[in-house]
Amino acid sequence: MLVREVWVEYTPTRWRCSGCLQLFDSPDALTEHQQYYLEQDIYTHAGSSTVSENRIAHPTEYKTRTVIDKEAYNEMVVIGYKCSICGATK
């Protein structure tokens, strides 16, 4: 049974501080982080880089399931006859 069609996940671009390697979701957040250290005359956090958007392909997912066409039952099957008077079998 099909659970999920093939799909592609996109991870957003992130910004990385070269000093501490911390990742930020926006360039403004990175700038705020770097400005904090520059105000303290710590220049090791001045550089930066970007981590580009990635595409992650996920395959189609399937699972098996049990289908019951008919509920289980007990059946009596006649395999012969026996005369209650003389005991003859057939």
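## Cysteine exposure

C86 is exposed, its relative accessibility being 58% (exposed means over 50% relative accessible area, buried under 20% and partly exposed in between, with a 1.4 Å probe and protein chains only). C17, in contrast, is buried, with a relative accessible area of 0%.

The model is predicted, so local features need pLDDT of at least 70 and side-chain atom pairs count only at pLDDT 80 or more, whereas totals for chains, interfaces and linings use all residues. Residues are numbered from 1 along each chain as its sequence is written, and side-chain values use heavy atoms, without hydrogens or water.

The number of disulfides is zero, where a disulfide is a pair of cysteine sulfur atoms within 2.5 Å. C17 takes part in no disulfide, and its nearest cysteine sulfur belongs to C20, 3.8 Å away. C86 is likewise in no disulfide; the nearest cysteine sulfur is that of C83, at 3.6 Å.

## Sheet and helix

Three strands form an open sheet in the order 4-3-5, with antiparallel pairing (strands are DSSP runs of E of at least two residues, and helices runs of H or I of at least four, numbered from the N terminus; two strands pair if DSSP finds at least two bridges between them). Strand 4 (23-24) and strand 5 (48-51) each have a single partner strand, so one side of each lacks a neighbour in the sheet.

Strand 3 (residues 14-17) pairs with strand 4 in the antiparallel sense over two bridges, and R16 lies opposite L23 in strand 4. Helix 1 (residues 27-38) packs on the sheet and touches strand 3, strand 4 and strand 5 (contact means heavy atoms within 4.5 Å). The direction of helix 1 makes about 15° with that of strand 3, where axes are lines fitted to C-alpha atoms, for helices over the stretch in contact, and angles run from 0 to 180 degrees between N-to-C directions.
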